[in-house]
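Here are my notes for a first look at this one. Have the model open beside you as you go through the points.

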Amino acid sequence: ACLRQGYAAEDLRHLYRLLDQLMRLPPSIDEPVRATMRQIEQEERGMTTFVTSIERLAGAEGEVRGERKVVMRQLERKLGSLNAALEAEIAALDATQLDALSEALLSFTTQAHLDAWLQGQREGWDVAAPETSAYVQAERDMVLRQLKHRFGGLSEALAAQVIALSPSLLAPLSEALLDFTTETELEVWL
């Protein structure tokens, strides 16, 4: 009706903001109301929606915050409470990295796996393609089992270094470990 009366788009934008402040909608009907408003705008004048670039950016940031919150909840459920340093590092991930982490965390069994994944992000390693990540994880687990068997155990620090290895180094390590007699030889190789 306002558009038919000749109100400018800027006037309507101010009116929408005022109404939004005065009348807080329950989340369950918020989106249907906004969808109806967009439809009316387009039908009345063939106008685009009244969403500013700042509003679009805020929406995208909200989505990333929501995804980060879900990933953190999944990690804590799977791995237990995370220390502040890990939380800060995860908080610094961009949307693409969060998507990759949401996939990778499915194969994590310890915080060392998360540490290794984050180290890979810091060092710019390519994230394994989803179809190969299960294979890489299986290969990494096998190498760890062989090392633990070879040495009668493996320090957590060395295990974390092995977990952090890029997939291309797992095969050479699986061959080299046959010649290792001490953890020191493994340290030198790493």
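1. A word on terms: buried means under 20% relative accessible area, exposed over 50%, and partly exposed in between (1.4 Å probe, protein chains only). Helices (H or I, at least four residues) and strands (E, at least two) are DSSP runs, numbered from the N terminus.

2. Some ground rules. This is a predicted model, where local features need pLDDT of at least 70 and side-chain atom pairs count only at pLDDT 80 or more, while totals for chains, interfaces and linings use all residues. Residues are numbered from 1 along each chain as its sequence is written, and side-chain values use heavy atoms, leaving out hydrogens and water.

3. Overall, you'll find ten helices and zero strands. Of the 190 residues in the protein, 27% are buried.

4. Which residues of helix α5 (residues 95–104) are buried? They are L98, A100, L101 and A104. These four sit on the same side of α5, because they cover an arc of only 160 degrees around the axis (the arc is that of the directions from the helix axis to the C-beta atoms). In general, an α-helix has 3.6 residues a turn, so residues three or four places apart point the same way.

5. D94 caps its N-terminal end, with a side-chain oxygen 3.1 Å from the backbone nitrogen of T96.

6. Finally, L15 belongs to helix α1 (residues 9–22). L15 is partly exposed, its relative accessible area being 32%.

How values were computed: Polar contact = N/O pair within 3.5 Å; in protein donor to acceptor, adjacent residues only side chain to side chain.
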